[in-house]
Amino acid sequence: MHINPLVHRAMLPLLYVSVASEARIAVFRRDGSPEDCSLTAQPHLDCHVEGSPGAMCHLRLPSGQQHLYCVCRRNGVPGVAAIGVNEDTGGLVELNWAPAAFDDFASYVSTDRTGSFLFSAYYSAGGCAVHRIQTDGTIGELIQRQLTASQAHAIDVDATNSLVLVPHVCVYH
């Protein structure tokens, strides 16, 4: 199990976990007081992501949004799935899938502060990309892909939503 926890941003105390071996996102409810961290599985809210077991990793739930984005593989092709989050129950449903900008898994995905653009970084391919996010949260067209230095392992915007930052692993020879 690859644990990539996300806490639901609404009033529901939920935790989303990428279970790569089963190609699903598991949903857990936090029980008890705010100081308590005991979790109860909520299998009726889980989302099975179409694709190959073992082919899911990074999750991203943008602040204030009702959609999360999951790096996954479909029929051997790496990409990202858009997952809708029910604001009343926290339940999940897959909305769509878009192929990766490079022939590789994205090591990290994020969105801009408005939820209009999906950014992806590619560690092995040494690149980054931008997809448009439609108003319904689905992933739209690939707008740009850019080669970077090797080992781009993250991508995010600054607090003003005007700069995109892509760090790399520095290798000295």
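Predicted model: local features only at pLDDT ≥ 70, side-chain atom pairs only at ≥ 80, totals over all residues.

Q: Okay, where is His67 then?
A: His67 has its place in strand β7, which covers residues 67-74.

Q: Is His67 buried or exposed, and why?
A: His67 has a relative accessibility of 15%, and because buried means under 20% relative accessible area, His67 counts as buried.

Q: What does the side chain of His67 reach?
A: The side chain of His67 reaches the backbone oxygen of Asp136, at a distance of 2.9 Å.

Q: Does Gly137 turn up anywhere else, or rather, where does Gly137 sit?
A: Gly137 belongs to the hairpin of β12 and β13, which has five residues between the strands, and Gly137 takes a positive phi near 90° there.

Q: How many bridges join β12 to β13?
A: Six bridges join β12 to strand β13, residues 139-147, and the two run antiparallel. Within this pairing, Val130 stands opposite Gln144 in β13.

Q: And what about β11, how does that pair with β12?
A: Strand β11, residues 117-122, pairs with β12 in the antiparallel sense over six bridges, and Phe117 has Arg132 in β12 as its bridge partner. The hairpin of β11 and β12 has four residues between the strands, and Gly126 takes a positive phi near 65° in that hairpin.

Q: How many residues of β12 are buried?
A: Strand β12, residues 127-133, is mostly covered, with six of its seven residues buried. Val130, which lies in β12, is buried with a relative accessible area of 18%.

Q: Which residues is Val130 in contact with?
A: Leaving aside neighbours within four places in sequence, Val130 is in contact with Phe117, Leu118, Phe119, Glu141, Leu142, Ile143 and Gln144. Although Val130 and Phe117 are 13 residues apart along the chain, their C-alpha atoms are separated by 6.5 Å.

Q: Changing topic, how many helices and strands are there in the chain?
A: The chain has zero helices and 15 strands. Of its 173 residues, buried ones make up 47%, and the accessible surface comes to about 8800 Å², of which 55% belongs to carbon and sulfur atoms.

Q: What does β3 pair with?
A: Strand β3, residues 24-30, is joined to strand β2, residues 14-19, by six bridges, and these two run antiparallel; one of the bridge pairs is Val17 with Ala26 in β3. Two bridges join β3 to strand β5, residues 47-48, again antiparallel, and β3 also pairs with strand β4, residues 39-41, in the antiparallel sense over three bridges.

Q: What is in the turn between β2 and β3?
A: The hairpin of β2 and β3 has four residues between the strands, and Ala23 in the turn has a positive phi of about 50°.

Q: Last one, what sits over the ring of Phe102?
A: The charged end of Arg145 sits over the ring of Phe102, 4.1 Å from the centre of that ring.

How values were computed. Residues numbered from 1 in each chain as written. Heavy atoms only, no water. Lys NZ or Arg CZ within 6 Å of the ring centre and 35° of its normal. Buried < 20%, exposed > 50% of the residue type's maximum accessible area, 1.4 Å probe, protein only. Pairing = 2+ DSSP bridges. Polar contact = N/O pair within 3.5 Å; in protein donor to acceptor, adjacent residues only side chain to side chain. Contact = heavy atoms within 4.5 Å. Areas by Shrake-Rupley, 256 points an atom, 1.4 Å probe, with all protein chains shown as cover.
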